[in-house]
Amino acid sequence: MADTETLPGLSPPLVVPARRLHLSPLAAFGLAMLTIFVLMAVLAPLLAPYDPTTPNLRARLVPPMWVAKGSADHILGTDHLGRDMLSRLIYGSRIALSVGFLGVVLASFIGVSVGLIAGFWRGPVDSILMGAVNILLAIPNTLLYLTVLAVFGQSLLLMIIVIGCINWTTFARVVRGEVLSLKEREFIEASRSIGQHPVVTLLRHVLPNVLGPIIVIATLNVAALIILEASLSFLGFGVQPPTVTWGRMLADGRNYIATAWWLAAIPGLMITTLTLSLIFIGDWLRDRLDPRNAS
Amino acid sequence: MINYVIWRILQMIPILLGVTLIVFVLLRVSGDPVLLMLGEDAQPEQIEALRLALGLNKPLYQQYLMYMADLLTGDFGNSLRYNGQPALQVVLERLPATASLAATGLLFAVVISLPAGIVAALKQHRMADHIASSFSILGQAMPNFWLGIMLILIFAVTLGWFPVSGSDKPLSVVLPGLTLGSGLAAMLTRMLRSSLLEVMQQDYIRTARAKGLSQSTIIVRHALRNAALSYLTVIGLEASALMAGAVVTEQVFAWPGIGLLAIQAINSRDMAVVQTIVILSSVIVMSMNLIVDILYSVVDPRIQHG
């Protein structure tokens with residue numbers, strides 16, 4: 001039996017000319033910053049000058065070194081318990097990146113599977129799956145996350161699972177739409193007409209052709225999940241202390257806003273820089289991978 | 001048109017059923033409602049009696065049907081935290097505060113994004129475009145609660161122009177409204193810019209220019225009207241995000257709306273109030289989507305619902 005990949009009309013997906021992968025300055029900035037953040041998370045024990053959770057009451061609320069009364073011992077200052085801000089920020093990146101990336105891996109797995117199945121088989125399966133999407137879209141997500149986390153508890157693993165299980169709707173909708181249009185294409189019909197199992201058709205011919213949009217959504221979704229994790233931690237529903245999270249640092253810092261601005265300002269700046277980097281990378285990927293931008 | 005609206009409302013029913021099912025399951029796994037009501041030191045006989053009275057000894061599907069019957073008669077249960085007041089009443093009392101915050105947020109989003117999007121599109125690749133685009137990307141990247149705290153630091157603590165928190169002064173709504181609307185403003189600016197750029201390439205715009213119409217007439221009467229459809233779509237889709245954003249914003253500014261109430265209710269396991277907020281906010285989100293759909297046909301006469 002002839003392999004469908006040799007059939008005419010079949011173009012290998014995601015083969016992008018090298019010139020189209022040329023980095024824009026913003027994307028280069030985004031990639032460089034993301035690399036720094038990932039290295040920071042991985043090498044946290046080596047990079048952090050102090051233990052992020054040990055209080056030092058003699059050095060409470062020390063400002064950053066460039067501010068009057070600042071000290072070179074604590075480059076970014078200390079918090080209300082005298083813990084080193086730089087060390088806490090370095091360790092906090094671990095939770096932000098873990099929730100962002102692992103949450104997206106789980107969400108995209110569920111969403112892509114749902115989208116492929118709903119788009120390919122249509123009928124009652126499609127109605128039920130898209131009904132589930134509509135239900136999840138109707139509930140303001142933060143409320144749902146808060147309730148579920150309050151009911152089931154707050155650990156890193158649980159947070160990733162909850163986020164993954166709620167956040168898959170965008171992937172499902174986009175993939176379903178792509179599958180609906182791909183289904184009419186000749187190479188998919190060819191694959192079906194030679195009797196290939198539908199799952200083989202889906203995985204070998206449909207999936208590779210929807211990878212472009214998935215990668216773009218996934219990148220932008222990591223940024224959204226990092227903000228979500230920070231929001232949930234800020235509200236007290238994130239991973240619990242002594243684990244350091246940027247959102248919790250911000251919540252603590254809010255109480256000292258009049259006397260120690262750096263406690264709230266610097267963690268927010270970290271979150272914004274990281275999400276900004278991911279948005280730059282996502283925008284660049286969209287320009288490169290979306291066939292509608294090919295011209 | 002009326003048929004279309006009725007059809008859309010009918011379509012909401014299965015979605016609402018799904019929402020109530022999720023809420024029902026969460027209520028059941030969140031802990032024994034009888035123990036929550038009676039406290040940990042209740043006598044076994046008391047517990048059993050209340051369990052029977054509430055129908056908790058029946059199979060789950062029957063419990064769900066009873067629960068739905070209660071909801072349909074407006075009985076959302078009683079709040080544990082607010083002296084046994086009906087949960088619906090507790091939530092409805094807080095609704096106007098959230099509505100005024102959301103309306104202010106939406107107003108800020110439109111007032112910022114309309115000029116910013118138009119200027120960015122008209123001055124493409126010029127300084128004004130770069131500034132508007134940078135702000136809109138920044139607005140998307142920034143967590144809104146952080147923006148809220150920074151606004152408090154600058155405009156309330158340092159300059160003293162606005163109150164730090166609460167809702168008792170006329171200017172109290174400005175900073176929370178700006179915080180809530182910033183993300184939407186950023187998204188709308190980006191979207192309006194790109195759809196205006198697309199519309200401005202069309203033949204009828206060239207014709208309008210050839211007729212000698214002024215730039216402002218072309219934008220307002222031709223381009224903007226055609227870009228309005230996607231603008232409205234984003235507002236409709238973001239209704240849910242606005243409600244979700246209200247939870248965080250209200251927490252930052254101690255704004256006494258249903259977002260703050262939700263956090264307090266979740267923390268004190270006041271599940272009757274939690275379920276009321278989840279169901280009510282879903283209804284609001286769906287209604288906003290419906291209103292946007294109806295507005296489509298006002299903006300674009302080619303779309304005829306019916």
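What covers the buried residues of H12(B)? The cover includes helix H5 (141-152) of chain A, together with helix H5 (87-122), H11 and H13 of chain B. A residue is buried if 20 or more other C-beta atoms lie within 10 Å of its own, exposed if 12 or fewer, and partly exposed in between, with C-beta atoms placed from the backbone.

This is a predicted model, in which local features need pLDDT of at least 70 and side-chain atom pairs count only at pLDDT 80 or more, while totals for chains, interfaces and linings use all residues. Residues are numbered from 1 along each chain as its sequence is written, and chains are lettered from A and ligands numbered from 1 in the order in which they are written.

## Confidence

The predictor gives the complex an ipTM of 0.87 and a pTM of 0.88. Confidence in each residue is expressed as pLDDT, from 0 to 100.

Over residues 1-12 of chain A, pLDDT stays under 50, and the model has 14 contacts for them beyond four places in sequence. Two residues are in contact if their C-beta atoms, placed from the backbone, lie within 7 Å.

## Chain A

Chain A contains eleven helices and zero strands. Helices (H or I, at least four residues) and strands (E, at least two) are DSSP runs, numbered from the N terminus. The C-alpha atoms of chain A fill a box of roughly 75 × 45 × 30 Å along the principal axes. Chain A has 295 residues, and 45% of them count as buried. Of the contacts in chain A with a separation of 6 or more, 73% are between residues 24 or more positions apart.

Some backbone features in the loops of chain A deserve a note. Most residues other than glycine have a negative phi, and most peptide bonds are trans. The peptide bond from A:Pro241 to A:Pro242 is cis, with omega near 10 degrees. A:Pro242 lies in the loop between helix H9 (198-234) and helix H10 (246-254) of chain A.

A:Lys69 has a positive phi, near 70 degrees, and is found in the loop between helix H2 (44-47) and helix H3 (85-121) of chain A. A:Lys69 counts as exposed because it has 10 C-beta neighbours inside 10 Å. A:Arg122 also has a positive phi, about 50 degrees, and sits in the loop between H3 and helix H4 (123-138) of chain A. With 14 other C-beta atoms within 10 Å, A:Arg122 is partly exposed.

## The contact between the chains

The contact takes 34 residues from chain A and 36 residues from chain B. On the side of chain B that touches chain A, two or more residues each come from helix H1 (2-29), helix H6 (127-141), helix H7 (144-158), helix H11 (239-253), helix H12 (258-267) and helix H13 (271-299) of chain B. By class, this side of chain B has 29 nonpolar residues, seven polar and no charged. Here Ala, Val, Leu, Ile, Met, Phe, Trp, Tyr, Cys and Pro count as nonpolar, Asp, Glu, Lys and Arg as charged, and the others, Gly among them, as polar.

## Helix H12 of chain B

Eight of the ten residues of H12(B) are buried, so H12(B) is largely enclosed by the rest of the structure. The buried residues are B:Ile258, B:Gly259, B:Leu260, B:Leu261, B:Ala262, B:Ile263, B:Ala265 and B:Ile266. After H12(B) comes B:Arg269, with a positive phi near 55 degrees.

The axes of H5(B) and H12(B) come within 8 Å and cross at roughly 135 degrees. That makes H5(B) oblique to H12(B). Axes are lines fitted to C-alpha atoms, for helices over the stretch in contact, and angles run from 0 to 180 degrees between N-to-C directions. Angles under 35 degrees count as roughly parallel, over 145 as roughly antiparallel, 65 to 115 as roughly perpendicular and the rest as oblique. H5(B) contributes B:Val91, B:Arg94, B:Leu95 and B:Thr98 to the contact, and H12(B) contributes B:Ile258, B:Gly259 and B:Leu261. The contact of H5(B) with H12(B) comprises four nonpolar, two polar and one charged residues.

Technical notes. pLDDT is the predictor's confidence in each residue, from 0 to 100.
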